[in-house]
Amino acid sequence: MYNLKSLDADEFINNEEVMDTLKFAQENKNNMELINSIIAKAKQEKGLSHKEAAVLLACDDKTIVDEIFQLAKKIKEEYYGSRIVLFAPLYLSNYCINGCIYCPYHLKNKHIPRKKMTQEDIKNEVIALQDMGHKRLAIEAGEDPVNNPIEYILESIKTIYSIKHKNGAIRRVNVNIAATTVENYKKLHEAGIGTYILFQETYNKQSYEKLHPTGPKHDYKYHTEAMDRAMQAGIDDVGLGVLFGLHGYDYEFTALLMHAEHLEAVYGTGPHTISVPRIRRADDIDPASFENGLDDEIFKKIVALIRIAVPYTGMIISTRENKDIRKELLELGISQISGGSKTSVGGYYKPEKENENSSQFEVNDNRTLDEVVNWLMESGYLPSFCTACYGSGRTGERFMEFCKKQQIHNFCHPNAIVTLKEYLLDYASEQTLKTGEDFIKKELNKIKDEKMKNTVLSALEKTENGVRSLKF
Ligand code: SF4
């Protein structure tokens with residue numbers, strides 16, 4: 001039975017509730033009275049329930065779809081402004097004992113090169129990432145208790161935080177590793193991680209079990225309840241996501257929102273981020289063999305509706321997507337993107353040789369970080385390398401309150417300007433430096449509060465004079 005507050009995955013992601021919701025959505029997809037009342041609620045910008053959002057997803061009336069897109073753009077602008085947070089993935093190891101059908105790191109893939117970075121390798125990779133300008137990483141590793149035990153992950157986090165090269169520093173390490181125990185989540189929390197990210201892959205239990213035929217990840221409940229254990233261990237920023245293409249998109253969308261509702265109801269804090277990856281080509285993996293691939297139009301609608309349903313949750317898009325679709329999604333709700341990414345184990349310090357490819361998936365945006373930064377500014381977005389909330393303890397419930405009160409403009413915007421300035425001074429190409437100096441002037445004009453404007457001007461001056469890591 002559906003129970004939002006239950007700690008049992010079969011109850012908070014209850015299959016019957018998802019199916020009833022989808023049935024209700026199909027029955028009401030032309031019920032304009034209901035749809036208009038949901039749109040009216042959405043315009044209050046406080047979010048929607050999974051049931052309301054599912055009705056809007058099912059509705060294909062062109063006027064309503066346009067209205068959904070317009071509203072998503074408005075909410076994005078009001079909550080997040082023009083700022084886009086940048087990060088890079090860092091794959092530590094591709095050893096994995098699971099059998100995930102859609103991932104080239106699965107145990108039965110005997111021809112992909114298996115790699116695991118030593119602490120010395122990690123140091124070199126982090127220096128290369130710092131030299132690009134990155135301040136925020138998402139570390140990734142396959143599940144393998146022998147090759148990638150929690151001690152290895154903890155040691156790697158320590159190494160990453162310890163490296164201070166020139167003006168560089170990694171100030172936030174987000175962690176994307178397999179579902180684990182409360183004890184291990186406590187250790188990750190103590191190691192000072194940012195967000196704990198774990199993609200559900202698919203919320204449909206039957207599909208999940210088929211797609212994960214072997215290995216510890218086969219256990220649907222253990223995987224789905226991972227965020228509960230992470231939160232019980234004190235990690236208050238967690239990142240959800242599904243791999244779109246594994247099961248029907250309407251099922252995934254509804255269950256994803258149910259998961260967010262569950263976390264908020266039990267822990268007082270919804271997910272810090274939601275990622276929206278789509279299945280991609282990789283060694284051993286042909287995306288065409290998955291029947292549920294979704295086209296760009298539906299994908300955009302999903303992003304817009306997540307933005308409307310959970311306005312306070314950050315949304316992430318990776319380099320799985322190409323430049324053009326990334327641009328459209330930025331408008332509709334994405335607040336974080338990766339840039340200059342490598343999806344192989346290592347590869348930032350020394351590019352992999354052709355016959356050594358250890359990538360998890362094919363990258364569709366191969367631009368350098370500098371090109372992405374320049375492109376963002378030319379498209380009217382403010383690239384941000386800020387990690388101030390994390391540094392000031394504004395996480396979990398405190399961050400949600402901050403976001404719900406639309407405080408991002410007052411704090412994140414000035415922080416983004418100052419961290420962009422750091423990037424321009426330390427890492428930018430000549431062209432990006434030029435675009436950036438003009439762009440910062442325009443962004444400064446958006447600060448209405450004179451006192452804050454003067455504070456930012458003074459911080460920019462100090463940054464020019466060599467001071468780093470200033471934050472509000
Ligand atoms: S998705 Fe993760 S758990 Fe599954 S095979 Fe790939 S690395 Fe291993």
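A residue counts as near a molecule if its C-beta atom, placed from the backbone, lies within 6 Å of it. By that rule, the residues around the ligand are Cys96, Asn98, Cys100, Cys103, Tyr105, His106, Gly142, Glu143, Ala178 and Lys217. This shell divides into five nonpolar, three polar and two charged residues. Here Ala, Val, Leu, Ile, Met, Phe, Trp, Tyr, Cys and Pro count as nonpolar, Asp, Glu, Lys and Arg as charged, and the others, Gly among them, as polar.

The model is predicted: local features need pLDDT of at least 70, side-chain atom pairs count only at pLDDT 80 or more, and totals for chains, interfaces and linings use all residues. Residues are numbered from 1 along each chain as its sequence is written.

Next come two helices. Helices (H or I, at least four residues) are DSSP runs, numbered from the N terminus.

| Helix 2 | 15–27 | Thr21, Leu22, Phe24, Ala25, Gln26 |
| Helix 4 | 50–58 | His50, Lys51, Ala54, Val55, Leu57, Ala58 |

Contact means C-beta atoms, placed from the backbone, within 7 Å. By class, this contact has seven nonpolar, three polar and one charged residues. The two helices pack at about 45°, with axes 8 Å apart.

Now to Gly396, found in helix 17 (residues 396–404). Is Gly396 buried, exposed or partly exposed? Gly396 is partly exposed, because 19 other C-beta atoms lie within 10 Å. The cut-offs are 20 or more for buried, 12 or fewer for exposed, and partly exposed in between. Gly396 touches Asp236, Asp237 and Thr269, not counting residues up to four places away in sequence. The C-alpha atoms of Gly396 and His272 are 7.2 Å apart, yet these residues are 124 residues apart along the chain.

Technical notes. Two residues are in contact if their C-beta atoms, placed from the backbone, lie within 7 Å. Axes are lines fitted to C-alpha atoms, for helices over the stretch in contact, and angles run from 0 to 180 degrees between N-to-C directions.
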